2 protein chains.
Amino acid sequence: MTLNFTMPTLKEIQEAHNRISPFIHRTPVLTNSSLNELSGAELYFKCDNFQKAGSFKIRGATNTVLQLTQDELDRSVATSSSGNHGAALSMAVTNRGGKTKVVMPNNTSKIKVNNVERNGGKIIWCEPEQASRDTVLKALLDKTGAVLVHPYNDERIVTGQGTAAKELLEDYPELDVIVSPVSGGGLLGGTLCSAKEMNPDIKVYGAEPAEADDAYRSLQSGKIESNETINTICDGLRAQIGTVTFPIIKEKVDGIITVTEVDIIDSMRIIWERMKIIVEPSSSITLAAVLKDKEVFTGKKVGLILSGGNVDLDHLPW
Amino acid sequence: MTLNFTMPTLKEIQEAHNRISPFIHRTPVLTNSSLNELSGAELYFKCDNFQKAGSFKIRGATNTVLQLTQDELDRSVATSSSGNHGAALSMAVTNRGGKTKVVMPNNTSKIKVNNVERNGGKIIWCEPEQASRDTVLKALLDKTGAVLVHPYNDERIVTGQGTAAKELLEDYPELDVIVSPVSGGGLLGGTLCSAKEMNPDIKVYGAEPAEADDAYRSLQSGKIESNETINTICDGLRAQIGTVTFPIIKEKVDGIITVTEVDIIDSMRIIWERMKIIVEPSSSITLAAVLKDKEVFTGKKVGLILSGGNVDLDHLPW
């Protein structure tokens, strides 16, 4: 595989941070003594579930949209998204006065549908599988001439997502490890670029559902593998690792930890009950990974990126 | 009615704060732009749902338990509680090496039962009605000689609960209004004592379920009225205003706002969805009050005390 771009540098992530700061929250980092006890580690939760539009996605989306030309914006903006990127992109585009079309799986939870619409996006439905997402999106782009802002396979997106770990390490520079969810690889890729340049000794792990473990298998085989099934509750973690993101992950990551559905749901409930905050399963997977591979984390200072909080309260998994 | 105690002064609340600080969190104050828009006011949420043992109750319980003599502690400590005071008292007593017995209604949610037991308390069951609570508690005290730490009708408790509003006003001295839930009156009484001395111009309102509106009716009649029914989802707001707390409320409160069950549940869901935090219905009632009586709050800086976050996730009200 050849890299047709340079990996985001900390300087570029800093520039992105300056660019997007007026439009995002600097989210808090929470700690919880009972979860420290449970895990045997010191946990620092980076709460992007409190972020604008309910997830970290606003970071990359804003970084990208602010770099579109007026001509590009006038053509309208399109994407494919399980929900959080669609809502974030809609917010970023609406802020600039443009229009957004979001290709979205027809099994998307109502809260994520509402979140796109409330932020001014128009939804085009597709089937949940990656192939359908791609086909419907391509037809839309061909028909409308809209500008694609991909949810993760875009250097501007990766650079923007890297600001979450940058904030976390500015607040807690002494962290030994960071755990990020991994789906398409935008958040994990950005996290790797900022964290490893800020502290070359830090370990960074991806947490991935065993039911959609393409990143894990891709790392094993050395090339991008597809998901054969995406039967996971983590609706934000069903996408396939990208050509832009995989080379970053392959070069820099310390490992991908796969987690069962039961452990993801248990960890979600633990966070809700003990921390009194609402996180998606796609976020709680980071705690599930820490509780699973205790030997990696025991006694360490561990940053966990809680990526989002958009949960359908009518369909909780317990 | 004659007062057989002096109302807590700000100096006493400060002393209580010094006493309990090592054992409680100084909880954050959150804001949310979409809820500001919805309410037409500037809202400042004092997040005691993030407090130790999951509610503000640890403030008054700790303040009281730290003032017990060793002899009193050795006799063991007892109380009657819908759950949050029981858990908080158990934590405070266990911290001092003592034993706690909690008389608890047999319809208490599992999370509150677990919360008492996890903190070392032993549960004695009663019926939900106030009469049963009183009878079972009296029998327990007669039989065991345990020291009663009442959930609200005790000046030490009221003084401790006043530290929540004190922290809120230290962080945001410019608030125009504070809204506190009201049940037995410990939190509202303490809030009134600290807030009105810190800022004599501030308005303080109680928020109460229409289905258990004894405080509202007591204020109307000028004497303590009983609840005929307590058919409210707010399991923390079913107690009856006390002889210690009512005189404070009668003298100082600017009004009690009663709220329907539907509005309480709606406001709980709004807080969960928009703020991504978990609050009990007994907390969300403050937002429901602000959304109901808009003419009181429009354009004002309003502090809302979110009293607790202990919710049974298996039995959500929507």
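Lys276(B) is buried, with 23 other C-beta atoms within 10 Å. A residue is called buried if 20 or more other C-beta atoms lie within 10 Å of its own, exposed if 12 or fewer, and partly exposed in between, with C-beta atoms placed from the backbone. The phi of Lys276(B) is positive, about 60°, although the residue is not a glycine. Lys276(B) sits in the loop between helix H12 (261-275) and helix H13 (281-292) of chain B. Helices (H or I, at least four residues) and strands (E, at least two) are DSSP runs, numbered from the N terminus.

The model is predicted: local features need pLDDT of at least 70, side-chain atom pairs count only at pLDDT 80 or more, and totals for chains, interfaces and linings use all residues. Residues are numbered from 1 along each chain as its sequence is written, while chains are lettered from A and ligands numbered from 1 in the order in which they are written.

In chain A, Lys276(A) lies in the loop between H12 and helix H13 (281-292). Its phi is near 60°, a positive value in a residue other than glycine. Lys276(A) counts as buried, with 23 C-beta neighbours inside 10 Å.

The relation between the chains was then examined. Chain A can be laid on chain B with an RMSD of 0.0 Å, by a turn of 180° and a shift of 0.0 Å along the axis. The two copies are thus related as by a two-fold rotation axis. Superposition was by least squares on the C-alpha atoms of residues with pLDDT of at least 70 in both copies. Of the residues of chain A, Ile277(A) comes closest to the rotation axis, with its C-alpha at 2.1 Å.

At the interface, 14 residues of chain A are in contact with 13 residues of chain B. Contact means that the C-beta atoms of two residues, placed from the backbone, lie within 7 Å. Helix H12 (residues 261-275) of chain A gives the largest share of the side that touches chain B, 3 residues. By class, this side of chain A has 7 nonpolar, 3 polar and 4 charged residues. Here Ala, Val, Leu, Ile, Met, Phe, Trp, Tyr, Cys and Pro count as nonpolar, Asp, Glu, Lys and Arg as charged, and the others, Gly among them, as polar. Of the interface residues of chain A, 93% are also interface residues in chain B, so the copies meet through the same surface.

Chain B contains an open sheet of 6 strands in the order E1-E2-E10-E7-E8-E9, with mixed pairing. Strand E1 (29-30) and strand E9 (255-259) of chain B stand at the edges, each with a single partner strand, so one side of each is left without a neighbour in the sheet. Two strands pair if DSSP finds at least two bridges between them. E1(B) and strand E2 (residues 42-47) of chain B pair in the antiparallel sense over 2 bridges. Leu30(B) has Phe45(B) in E2(B) as its bridge partner. Strand E7 (residues 177-181) of chain B runs parallel to E8(B), joined by 5 bridges. Of the 7 residues of strand E8 (residues 203-209) of chain B, 6 are buried, so the strand is largely enclosed by the rest of the structure. H13(B) lies across E2, E7, E8, E9 and strand E10 (301-306) of chain B, running at about 135° to E7(B). Axes are lines fitted to C-alpha atoms, for helices over the stretch in contact, and angles run from 0 to 180 degrees between N-to-C directions.

Another open sheet of chain B has 4 strands in the order E5-E4-E3-E6, with parallel pairing. Its edge strands are E5 (121-126) and E6 (147-148) of chain B, each pairing on one side only. Strand E3 (residues 77-80) of chain B pairs with E6(B) over 2 bridges in the parallel sense. Ala78(B) stands opposite Leu148(B) in E6(B). Helix H5 (residues 84-95) of chain B lies across E3, strand E4 (100-105) and E5 of chain B, at about 175° to E4(B). Helix H6 (residues 110-118) of chain B also packs on the sheet, touching E4 and E5 of chain B, and its direction makes about 140° with that of E5(B).

The buried residues of H6(B) are Lys112(B), Val113(B), Asn115(B) and Val116(B). They cover an arc of only 160° around the axis, which puts them on the same side of H6(B). The arc is that of the directions from the helix axis to the C-beta atoms. These buried residues pack against H5, E4 and E5 of chain B. H6(B) is followed by Gly120(B), whose phi is positive, near 95°.
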